[in-house]
Amino acid sequence: MIKLIPENCVACKKCIKVCPFGAIRLEGKTPVLNEQCTGCGACVDACRFDAIALTAKKSPGMKNLAAYQGVWVIAEQRGGTIQQVTLELLGKAQELAQQRSTKVAAVVLGNGITKCSPLLFQHGADRVFIADSPFLIHYRTLPYARIIAELIVTHKPEIVLFGATTMGRDLAPRVANKLGTGLTADCTGLAISADDGALLQTRPAFGGNIMATIACAGHRPQMTTVRPGVMQSVCIPERTGEFVHVEMKEKPGDSLVEILKTLKKQRSTVELEKAQIIVSGGRGLGASENFKLITKLAKTLDAEIGASRAVVDLGWINRDHQVGQTGKTVRPRLYIACGISGAVQHLAGMQSSDIIVAINRDPQAPIISAAHFSLIADLNRIVPEIINQLQGK
């Protein structure tokens, strides 16, 4: 957190000029901070008179961890439609809440979003907090972070989950900073410690070469962002819960960023997370031109095309197709791995597929052990034959 030392200030106003959030003003010759300060430290670097210092922030949860109870999911909606990652997080939240003997709550911000609550109840929320206001119609970091942080301070959840999406990766660090707690990003696994009940947060590290499990032992809430496609959503149509309307008013600092126009980016043609069938190629294809076999098989099956990290790094295919810890996590009904050895990083991204078929010349390849069905053969010979059989030739 930022600490002002007024006796050293000479009112040069350099801190005001460099602050990206308008969080500093002068009252006479005395510098004053407002609530928009994020502790980024830009003012500390600009001040030549030691009038500003960056100090450690104490978490409000450090003194009484037992006061924090409940698992929260920060719901993500676009145009009033709840995103799939939120439903996945609610499924996992219910699992964690049962182990902690507590309840699950979802928090959703926006405008005209009251209709979202039934879907959140059906997928695991026991309580839904809705902040519905015209000034929240578009996602903006400052008001969203402020409102969520205020709700957390008031209700004290023990665990808070965000999706590792563009919004979640922007929002979660701001909220964690405001609360003075830790945040583990891009998790692929969550569990409750049998020893002390702490949240064990597992994520890839060192380029996906190891899996690190992180615990936030001395701070609350425990916060994490979770990759889309990793957790399993569970829908119980008859589930209901408690609806809580959150009264929120816009504050001056909320409008520091004004959205003038929204331009929708053209959707990528690669939607691996939603695919029912994926055909993936690896370095066993031998050359980039052999990817045409994968393309042809995928077209025959009306499937999406996936790839291992190795062939993406070689430039054989765009990174949007990468499956694995450092790519996308998928859960299709059918996953066909062609020429993929099955390194742990790749398996982590597709091992939850309903049916895995491996085509590989090496019977000792790790992918063979993970597969439900294996074809030990040269894929350059067997894939064309599979295509012919599917086409009835």
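Mentor: Leaving aside neighbours within four places in sequence, T224 is in contact (heavy atoms within 4.5 Å) with V160, L161, F162, L183, T184, C187, L190, L199 and Q201. T224 itself is found in strand β15, residues 222-226, where strands are DSSP runs of E of at least two residues, numbered from the N terminus. With a relative accessible area of 0%, T224 is buried, a term that means under 20% relative accessible area, whereas exposed means over 50% and partly exposed lies in between, using a 1.4 Å probe and protein chains only.

This is a predicted model, in which local features need pLDDT of at least 70 and side-chain atom pairs count only at pLDDT 80 or more, while totals for chains, interfaces and linings use all residues. Residues are numbered from 1 along each chain as its sequence is written, and side-chain values use heavy atoms, with hydrogens and water left out.

Turning to the aromatic rings, a search of the whole structure finds two pairs, where rings of Phe, Tyr and Trp (its six-membered ring) pair if their centres lie within 6.5 Å, and planes under 30 degrees apart count as stacked, over 60 as edge-to-face and the rest as tilted. W72 and F129 form a tilted pair, 5.1 Å centre to centre with 40° between the planes. This pair links distant parts of the chain, since W72 is in strand β5 (residues 71-74) and F129 in strand β9 (residues 127-132), 57 residues apart. Both W72 and F129 are buried. The rings of Y139 and Y144 have centres 4.9 Å apart and planes at 80°, so that pair is edge-to-face; Y139 counts as partly exposed at 26% relative accessibility, whereas Y144, at 4%, counts as buried.

Technical notes
Helices (H or I, at least four residues) and strands (E, at least two) are DSSP runs, numbered from the N terminus.
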